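I opened my notebook to keep a record of what I looked up in this structure, entry by entry.

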Amino acid sequence: MKLKKTVITGLAIAATLGAAPAFSAGEQFIGLTSYRVGPYAAGGSGIFGGLIDYMSLVNARDGGINGVKLVWEECETEYNNARGVECYERLKTKGPTGNTVVHPLSTGITYSLIDKATADKIPIISLGYGRTDATDGSVFPYVFPLVTNYWSQNTAKIKFIGMKEGGMDKLKGKKIVNIYHDSAYGKETIPVLDVQAKKYGFSVTHVPVAHPGNEQQSQWLQVRQIKPDWVILRGWGVMNPTALKSAAKIGFPREKIVGVWWSGAEEDTIPAGSAAKGFIAAGFNVAGANYPVIKDIQKFVYAKGNGNMEDKSRVGSVYYNRGVVHGILTVEAIRTAQEKFGKGKPITGEQMRWGIEHLNVDAKKLKALGAEGFMPDLKVTCSDHEGSGKVKFQQWDGKKWNVITDWIDADQSIVRPMIEESAAKYAKEKGIKPRDCSKES
Amino acid sequence: MLYREAGQFKASYREDQQIFPIRQDKIAIALILAFFYLVVPVIGDQYWLKAILVPVLIFSLAALGLNILTGYAGQLSLGTAAFMAAGAFGAFNFMLRMPDFPVFSEVKILFAFIFGGLMAALVGIVFGLPSLRIKGFYLAVATLAAQFFVVWALTKFSWFSNYSSSGVISAQDVVLFGVPIDTPESRYLFVLVIVTVLALLAKNMVRSATGRAWMAVRDMDVAAEVIGIRLLHTKLLAFAVSSFYCGVAGALYAFCYLGTVEPEGFNLDMSFRILFMIIIGGVGSVLGSFLGAAFIVLLPIFLNVFFHAVFAGAVPAGLGSNLELMIFGGLIIFFLIVEPHGLARLWQIGKEKLRLWPFPH
């Protein structure tokens, strides 16, 4: 009896694992390696919610991309690298042309997928995270850290601090403390900060915070001893509100704390309460529902009861809007690829790679998309897989994020040589022969 | 009726001491091995081989390592992931810094894995030293130190990651006798061979004098000492062997599964997962390590696929993911209540029932 039961259960498991949901031929499949549980669920649910809602909007309002409907399937990664790889493998052959593009939304998973996706010819878009030196497209043909990578962002931050101090020459002799999440993600900006410290003559102290970062007493005591002029907060998840509360405890002014975009969402500031007031964070997208694209989503998706967000008040929040940026770039890249490889037909991952590499979202296009001022314009090329490098700075007033600057450019004179050096080292380690970008079309 | 050893006589000690003394067991194991070696690579598609079977095998090996230490020698450890990290980074650095390895360069990768294992064993011995004085939960806390120290050291000293700016390592290509092991089938077989060989070694080790000494220490270390077992030697050997297994598993995890790993990936979470594997699978059982690893790795994936197939679109995605997690936790508790000695014990009970079948009285 028992044996029979076991066999039947086993078969059922095998059948479910093997069963493929039906997708029809004229659709564009996008596999989503999302996460909605665990310590970073706020980021995952907001960003994937925004991405899915934008794709629903394109389907509902425009009838797809030149008539090609977008379809997608989610797979829960729990922000775990091994699960991320499993999800990637599960999703990659689904749909009529396989998975078009991967958004790992985790620096760790991005690292784990670089080799696999390159071999499978599926592009990775690591929008605002992931491997910085992948910006050099000659070494990383299938990886796109679009809009802005961590190093570009960091130079923009120092520029912002220079502006606040009244000129870059005023940075001399200033003290900056870099409080970072002790992981691959957090460590990524240490070399570029050191280079800038030498160039502008300020001193920088790197203070690590162990994952997940809900205990920061000793770090902020160190801040109190150093008495820095500015603190750079490179946090993620629960580390951010804890940092703001600890700063309030030692009386460090929050107006002098500048966060990365993974520190600058409502989910980071609201739990810190009044301690967050005045905190400044960089961002390649802004908060707010007052943009035509978000209004369209409310009109075409939510008004019909099809929205992905369980908590509708999060539409227009920082993470949600970042998901919409993911959506806009994905859809525009598919459109670009269709223009070359045949309108109205689903494209393959390889064609998608071409589409992303020739993506050109200029100011005019942004206006047409209803995203003017919502995200920076960008133009991707073979050698530049970032395409923009611009960020805006927002300040938390206790209730919402307010934009306080225009788009600030990165200092490519610092970043680019470092990227090329690092990418060349990677190419040497892995035995990759970089392609010649002047011959690419 | 089928499963009965009546009539199988053992005429020598040698015959009596075989791993599988019963003929039916031998046939069954041969069939299982034949299935995994010959049938699976043919029928398994890329997804099954790359994303399901390889991680299950690798985690089985890690669980086996922990089972040697916890299940057989009775030393509780929370540092499994750290030993895996030591193995992964050891193998990476061996490949990186020994470009012209003089002997047997065709199988350099195997030496790298052995080196990774030895590095892990070294770390294991160092953090095993406190086990001579402290026991049980207190020892678990001491091995917790290994967990944090190793990850910290790998992040802090960038020499280990060849000065990569973010501290990650990207594993070199696996090449055996000049043939790159890069197809899903060859990679699966490569992992399978290593895991089979090590599992066989482990099975024999726990049946030998070494294994009996471990079990004696586990059951009562004072008594073991009285009958002449050297505690220092036995405990540290258990730590070394266990860490070696975990180290090789870590190297396989980096080289044959993920490709690129960061130290942070080998966190306490992973140590706990492997501990759960042996608790669910069966403490003190080689088979249990495999069953437990399969359970812990496959069940969440199965739940995720199941929910997508059945409730696609009907439940909000966030609720679905949380439900999966709850059911997973619930099932763990269920299994522990039904059979506190793990899945391996269930298997054993099944075998005993089969012996009596079809006449249970």
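**Ground rules.** I am working with a predicted model, in which local features need pLDDT of at least 70 and side-chain atom pairs count only at pLDDT 80 or more, while totals for chains, interfaces and linings use all residues. Residues are numbered from 1 along each chain as its sequence is written, chains are lettered from A and ligands numbered from 1 in the order in which they are written, and side-chain values use heavy atoms, with hydrogens and water left out.

I looked up how α2 (residues 41-62) packs on α11 (residues 292-302), both in chain A, and found an angle of about 70° with the axes 9 Å apart. Helices here are DSSP runs of H or I with at least four residues, strands are runs of E with at least two, and both are numbered from the N terminus. The axes are lines fitted to C-alpha atoms, for helices over the stretch in contact, and the angles run from 0 to 180 degrees between N-to-C directions. α2(A) and α11(A) are therefore roughly perpendicular (under 35 degrees counts as roughly parallel, over 145 as roughly antiparallel, 65 to 115 as roughly perpendicular and the rest as oblique). On the α2(A) side, the residues in contact include A:Tyr54, A:Leu57 and A:Ala60, and on the α11(A) side they include A:Ile297 and A:Phe300, where contact means heavy atoms within 4.5 Å. By class, this contact has 8 nonpolar, 1 polar and 3 charged residues (Ala, Val, Leu, Ile, Met, Phe, Trp, Tyr, Cys and Pro count as nonpolar, Asp, Glu, Lys and Arg as charged, and the others, Gly among them, as polar).

Next I followed α2(A) to α12 (residues 318-341) of chain A, where the axes come within 7 Å and cross at roughly 45°, so the two helices are oblique to each other. Among the α2(A) residues that meet α12(A) are A:Gly46, A:Gly49 and A:Gly50, while α12(A) contributes, among others, A:Gly323 and A:Gly327. I noted 10 nonpolar, 8 polar and 2 charged residues in the contact of α2(A) with α12(A).

**The interface of chains A and B.** How many residues of chain A are in contact with chain B? I found 38 residues of chain A in contact with 40 residues of chain B. The area buried between the chains is about 3,700 Å², of which carbon and sulfur atoms give 55%; buried area is the accessible area (1.4 Å probe) that two parts lose on being put together, summed over both. The rule finds 1 salt bridge across this interface, a salt bridge being a side-chain nitrogen of Lys or Arg within 4 Å of a carboxyl oxygen of Asp or Glu. B:Lys50 forms a salt bridge with A:Glu89, with the closest N and O atoms 3.5 Å apart.

**Single residues.** A:Arg416 is in helix α15 of chain A, and, leaving aside neighbours within four places in sequence, A:Arg416 is in contact with A:Thr135, A:Asp136, A:Ser383 and A:Asp384. A:Val147 has a positive phi of about 65° although it is not a glycine, and A:Val147 is in the loop between β4 (143-144) and α5 (150-165) of chain A.
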